[in-house]
Amino acid sequence: MTSSSNRCLTPVTAPAVAARKGSGEPLVMITAYDAPSARVVDASGAEMILVGDSVAMVVLGYDDTLQVTVADMCHHVAAVARTRPRALVVGDMPWLSYHVSREDTVRNAAALVRAGAGCVKLEGGAKRSEAIHAILDLEIPVMGHIGLTPQSVHALGGFRVQGKQLDAARAIVDDAIALAEAGCFAIVLEAVPDGVARMVTDSVPVPTIGIGAGRHCDGQVLVWHDLLGFGAPDRKQPKFVRRYAELELDATKAVERFVADVREGRFPSSAETYHMADQMAEGLGLYGASEPANA
Ligand code: KIV
């Protein structure tokens, strides 16, 4: 499916995503942070484009997601939204944007929607119920995110698989139920054992979207750069990442060829050059007898 044919199709909405629960048709969400990546994701037919705060790590070079602001997220959401994708644009609420006050929470969610998001995503379970109600009150759909919540990296003691003990697994299921009861239309489940994902998926009436949560979810999400093989060579990839291309390697090789072509006089060629009219060049005496004007 091409992006132009995508544009003729009905745009994906949060209620349409919610209605997919139990359909047996897995949902697909992929992150994107700018116009080219959004065009590629939309052309794939994925239902959702997540403008994730992972932009901090995979694009901006930070070690965690805590460094990006609402303004940063709006900047990236707007770039994605300008491509007018058919896919639902999910705007990630960054750290501190829904933690301080109801006023801040609603203003920040509204800023993401004004930038072009069709819904917002926030991290955390039952303790986010108030924030979710406040955002829903603005008629903005909310996606939840539990399990490994990267904004809690310091509290969790690192980026670790969650729900490995019985109590922790039960707490994740309880959080999922609380998010669904609060009104979330879908829930991201990150880095939990597949059995926990199965319990959650069976316990909530809204779709679960897994990342490192195994196959028992209603959909899957991956980060653009992971899926396409971008990332510092020394960065250890989590086991749940499947790389469908090695674009960083391919891009490096392509750029090296350009550098060699310049250094060895192969770039630019005549066809890649705007030529001055022969007569004018001759009149100006620009070329000697050994060098034809349009070589
Ligand atoms: O920011 C992000 O990319 C995410 C995904 C890992 C789900 O939240």
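Where is Glu103 found? I located Glu103 in helix 6; helices are DSSP runs of H or I with at least four residues, strands are runs of E with at least two, and both are numbered from the N terminus.

Before going on, I noted that this is a predicted model, in which local features need pLDDT of at least 70, side-chain atom pairs count only at pLDDT 80 or more, and totals for chains, interfaces and linings use all residues. Residues are numbered from 1 along each chain as its sequence is written, and side-chain values use heavy atoms, with hydrogens and water left out.

**Helix 6**

I looked up the cover of Glu103 and found it partly exposed, at a relative accessible area of 48%. Here buried means under 20% relative accessible area, exposed over 50%, and partly exposed in between, with a 1.4 Å probe and protein chains only. I then took the C-alpha separation of Glu103 and Asp202, which is 35 Å for 99 residues along the chain.

Thr105 also has its place in helix 6, which covers residues 102-115. I list Thr105 as buried because its relative accessible area is 3%. Its side chain reaches the backbone oxygen of Ser101 at 2.8 Å. Beyond the neighbours within four places in sequence, I found Thr105 in contact (heavy atoms within 4.5 Å) with Met93, Ser97, Tyr98, His99, Ala131 and Ile135.

**Tyr244**

I found Tyr244 in the loop between helix 11 (224-228) and helix 12 (247-263). Tyr244 counts as exposed because its relative accessibility is 56%. Leu227 is 17 residues from Tyr244 in sequence, with 5.6 Å between their C-alpha atoms. I also noted a polar contact at 3.5 Å between the side chains of Tyr244 and Arg242. A polar contact is a pair of N or O atoms within 3.5 Å; within protein, one must be able to donate a hydrogen and the other to accept it, and residues adjacent in sequence count only if both atoms are side-chain atoms.

**Ligand**

I listed the residues around the ligand (a heavy atom within 4 Å); among them are Thr31, Gly52, His145, Glu190 and Val223. Polar side-chain atoms lie at these distances from an oxygen atom of the ligand: Ser54 at 2.5 Å, Lys121 at 2.9 Å and Asp92 at 3.2 Å. The protein covers 95% of the 260 Å² of accessible area that the ligand has on its own; such areas come from the Shrake-Rupley method with a 1.4 Å probe, and for residues only the protein chains shown count as cover.

**Leu284**

I placed Leu284 in the segment after helix 13 (278-283). Leu284 counts as exposed because its relative accessibility is 53%.
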